[in-house]
Amino acid sequence: MTTDSRQKNTRTDRIDLRSTPTARDFREAHRAHARSTRAGRLRLALTLALTVAVTAVGVRGGSVTVLSLVMGVAYLFFALVFLPRAQAGRAAARAAEHGGQRVRLDADGVRVTEGGEQRRYAWGEIARHLETEHLFLLIGTDRAQSCLAVLPKEGSGDRLRTLLENRPAAERPN
């Protein structure tokens with residue numbers, strides 16, 4: 001993640017970040033999301049099931065043909081390697097095109113600004129956060145939009161971790 005600038009702030013209840021996520025950052029976020037969320041694990045299971053189905057199409061007389069095996073491996077490569085890399089590249093290009101992102105975390109929640117677009121999330125809309133080697137991911141309570149923001153650890157990791165761990169908990173629907 002390239003960090004353009006960070007506004008230092010003496011307040012412990014507010015953090016301002018300015019960064020431009022790279023393709024590597026988005027790949028790291030995708031891997032963490034896939035391992036740590038129900039939706040990510042379901043997507044992986046579906047991919048593996050489809051790979052088995054594609055391979056099974058070529059089973060004749062109890063043996064797997066070379067073509068069906070190649071098709072299964074090709075599909076697996078496409079779904080688990082090529083597609084996530086392509087998506088990460090597009091996301092990084094879009095982030096760079098918009099001049100990166102500015103994020104403010106404070107007592108009210110999180111505000112993410114990219115280009116002219118601004119999204120606000122109250123703490124109640126954030127179910128939890130994931131921490132990777134270089135990033136924090138904010139996971140939303142809404143399944144339609146599970147990853148709300150990708151935040152850099154560089155320069156503010158401990159302060160950011162403390163703020164995220166001490167934030168108000170998300171309300172669970174009955």
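Predicted model: local features only at pLDDT ≥ 70, side-chain atom pairs only at ≥ 80, totals over all residues.
Which residues does UniProt list for "transmembrane region"? I looked that up before anything else. The unreviewed entry gives residues 42-59 and 65-84.

Then I took residues 65-84, which come out as 95% helix and 0% strand. For residues 65-84 I get 28 Å between the end C-alpha atoms.

**Confidence.** I looked at pLDDT next. The chain has a mean of 82, and 85% of its residues reach 70 or more. I marked residues 4-10, where pLDDT stays under 50. For residues 4-10 the model has 16 contacts beyond four places in sequence.

**The largest pocket.** I noted a volume of about 1,100 Å³ for the largest pocket. Its lining counts 36 residues, and F26, A29, H30, Q87 and A88 are the closest to the centre. I wanted to know which elements build this lining. Those that give two or more residues are α1 (23-36), α2 (38-57), α3 (66-97), β7 (117-122) and β10 (147-152). The largest share is from α3, with 12 residues. I also sorted the lining by class and got 19 nonpolar, nine polar and eight charged residues.

**Salt bridges.** How many salt bridges does the structure hold? I count eight. I followed one of them, E131 with K153, and its closest N and O atoms are 2.7 Å apart. E131 is in strand β8 (residues 126-131) and K153 is in the loop between β10 and α4 (157-165), so this pair ties together parts 22 residues apart in sequence. A reminder to myself: side chains of opposite charge can pair when their charged atoms come close.

Terms used
Residues numbered from 1 in each chain as written. Heavy atoms only, no water. pLDDT = per-residue confidence, 0-100. Contact = heavy atoms within 4.5 Å. 1 Å grid on protein atoms, 1.4 Å probe; cavity = no way out; pocket = protein on both sides within 12 Å on 5 of 7 lines; lining within 4 Å. Points joined across faces, edges and corners; volume = space filled by probe spheres on them. Helix = DSSP H or I, 4+ residues; strand = E, 2+ residues; numbered from the N terminus. Nonpolar A, V, L, I, M, F, W, Y, C, P; charged D, E, K, R; others polar. UniProt positions renumbered as here; feature names shortened; annotations may be inferred. Salt bridge = Lys/Arg side-chain N within 4 Å of Asp/Glu carboxyl O.
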